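Okay, thanks for coming, everyone.

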Amino acid sequence: MQGVMHPIFKVLGFMLLLPLLAQAGNHKYITDTTGLGILSGDTLTITDPQFSLFANDSIFYKSIFGRVFLEVVERDGTQMDSSWEFMANLIVSYRDTSGQLYSNIPISLSINYNDEETTRYLRKDVFEMLGAYDISVIVTGVSDTSLLSQVRVGIELFSDNYYVFNANSQVSFLTEQWIYAYNELNINWAPVFGAEMYDLEWAWVDDYEKDGTSLNLNNLKGSFKNNASRVKISGTSYQLPVIYDRGYIYYRVRPVGVEANNFAQPVQGKWKGSTNNDPFLLSIYQYKTKIDTGHDVSLNWRRTSIYAEYGFRNDEVRYFDGLLMNRQNVVSNATDKLASASEVIYDYQGRPAVNTSPVPVGNRIVFHENLNKNQSGSSYSAFDFDRNVNYGNSSFSPMNNTSGASKYYSPSNSSQQAHDGFIPDAEGYPFTATQYTADNSGRASSIGNIGAKFQPGSGHETIIFYVKPLQEELDRLFGNEVGFANHYSKTIVKDPNGVSSITYTNQAGKTVATAISGVTPSNLHSLGITPDTLKANVMNNNHWNTNGNQANSYQ
């Protein structure tokens with residue numbers, strides 16, 4: 001690089017050091033000249049503030065390294081020159097974790113800038129030092145003092161360390177607190193030095209006697225061996241979903257560290273709440289809480305909780321009627337504490353005909369009576385769509401927009417803030433609707449989507465036809481080895497755009513061929529395939545009935 005090097009003799013007046021708290025894990029520390037906007041001194045230094053713990057064998061490093069950098073600084077309101085090059089000469093000294101000192105290493109860092117959008121430029125140049133925990137830099141010269149406001153020199157220190165963990169460690173206390181607003185039990189415990197994670201384990205047992213009364217606590221036993229739930233989290237508290245029948249929840253916690261010579265190997269501490277025997281009597285177990293009233297005791301329900309890393313979970317409760325048919329689903333996100341509910345509404349034959357869109361219902365998982373209503377204010381039911389004398393051609397009435405999904409997906413929604421103001425209007429139809437064939441086979445004949453313009457009979461629903469393929473069709477596709485046509489089925493699904501998807505299946509229900517049929521929509525390009533004409537006699541299945549003077553068609 002061309003140019004004359006100019007010495008700089010000012011003293012550094014600004015330092016940024018992050019983070020301020022010593023904490024196991026990944027850390028980044030920076031010291032640079034950002035605050036003054038120029039190379040304002042001749043010396044920069046940085047030291048890992050946790051190195052003293054390493055020297056005392058209180059922590060160990062998974063990795064540590066430092067970088068000296070020179071980079072472009074684009075400041076708001078500052079006009080950058082169209083293009084330039086810049087170089088800084090530095091003297092670097094550092095010490096690594098083994099105690100080795102590397103002194104007075106001369107380096108040169110170069111960067112350049114170009115304001116043309118299509119031109120690449122070198123924004124940052126670095127010098128890296130593996131194992132370094134203590135670094136100092138002396139600026140000995142730069143190539144152009146007029147560019148000092150547009151560049152900066154600095155040191156970055158990256159460390160990934162862990163505290164030494166004692167396998168005999170145990171949390172000092174466990175406390176609990178009911179959070180009635182969310183129907184949760186908050187478990188808290190004391191932090192343990194060196195613990196990276198904590199295992200929280202809990203289980204539930206009912207206290208029903210044969211006659212429905214409560215069992216004596218001395219006769220109740222608990223066990224963590226079978227049917228216990230466990231989460232591994234980094235914090236010191238967790239909220240358990242209290243969606244159980246009457247009985248007891250009991251729990252325990254242990255800290256978890258890592259192996260010094262194998263960071264992937266966890267080291268478990270001791271359980272707080274462990275017992276010498278398993279199963280054990282709940283009467284002598286300390287960490288338990290009683291559930292006096294079970295969840296929705298008058299209803300049939302089933303809870304499903306799906307867990308991810310660090311204890312994140314979704315809770316879902318499905319409510320069933322006396323025939324164990326699913327009627328309502330309530331789902332809650334444990335992070336946002338928001339519950340949403342959807343319903344399944346059956347026709348008079350017991351087939352699921354209406355599936356409503358989820359709607360927010362507060363913070364708790366409970367059953368919501370009369371969630372979706374008809375125009376008369378009663379619960380929306382088969383009475384509102386399955387009364388047509390033309391069996392199989394039901395007409396679905398709109399829902400009342402004073403409650404439930406119809407209110408949420410309408411201008412009647414009381415919340416119009418932020419994204420809620422852009423919720424589409426379902427026009428009384430916040431559900432998918434299914435019509436069935438009149439042959440008692442339980443097959444769907446048409447499916448309507450959300451919105452009035454996509455309901456059955458609107459011309460934009462999905463229509464399904466079940467037919468037998470012609471022998472000529474199969475021969476054209478597969479030749480004469482295909483066998484008889486009555487061994488195959490043909491299903492035609494016409495989507496809301498009028499495009500039909502055709503599926504041929506054999507007697508085993510396996511798909512043997514698929515096709516697409518229909519007029520090319522105006523907003524799509526044609527496939528460029530010229531349709532072929534197939535001639536076939538469709539009257540072969542018509543047989544004259546001499547007694548009734550009529551033709552009967554059958555296969």
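I'll go through the aromatic pairs, then the charges over rings, then a surface patch.

Keep in mind that this is a predicted model. Searching the whole structure turns up 26 aromatic pairs. The one I want to show you is tyrosine 319 with phenylalanine 367: the ring centres are 5.2 Å apart and the planes sit at 65°, and since over 60 degrees counts as edge-to-face, that's what we call this pair.

So what does that pair tie together? Tyrosine 319 is in strand E20, residues 313-320, while phenylalanine 367 is in the loop between strand E24 (359-362) and helix H2 (404-408), so the contact links parts that are 48 residues apart in sequence.

And are the two partners buried or exposed? Tyrosine 319 is buried, at a relative accessible area of 1%. Phenylalanine 367 comes out at 25% relative accessibility, so that one is partly exposed.

There's also an aromatic cluster, made up of Phe224, Tyr250, Tyr251, Phe280, Tyr285 and Tyr287.

Now, charges over rings. Lysine 124 has its charged end over the ring of phenylalanine 69, 4.7 Å from the ring centre. Lysine 337 does it with tyrosine 182, where the charged end is 5.6 Å from the centre of the ring.

Last stop, the surface. Leu477, Phe478 and Val512 make a nonpolar patch of about 240 Å². Leucine 477 belongs to helix H3, which covers residues 471-478, and with 48% relative accessibility leucine 477 counts as partly exposed.

Conventions. Residues numbered from 1 in each chain as written. Predicted model: local features only at pLDDT ≥ 70, side-chain atom pairs only at ≥ 80, totals over all residues. Heavy atoms only, no water. Phe/Tyr/Trp six-rings, centres within 6.5 Å; stacked < 30°, edge-to-face > 60°. Helix = DSSP H or I, 4+ residues; strand = E, 2+ residues; numbered from the N terminus. Buried < 20%, exposed > 50% of the residue type's maximum accessible area, 1.4 Å probe, protein only. Lys NZ or Arg CZ within 6 Å of the ring centre and 35° of its normal. Patch = residues over 30% accessible without salt bridge, like charges linked within 9 Å, V, L, I, M, F, W, Y side chains within 5 Å. Areas by Shrake-Rupley, 256 points an atom, 1.4 Å probe, with all protein chains shown as cover. Salt bridge = Lys/Arg side-chain N within 4 Å of Asp/Glu carboxyl O.
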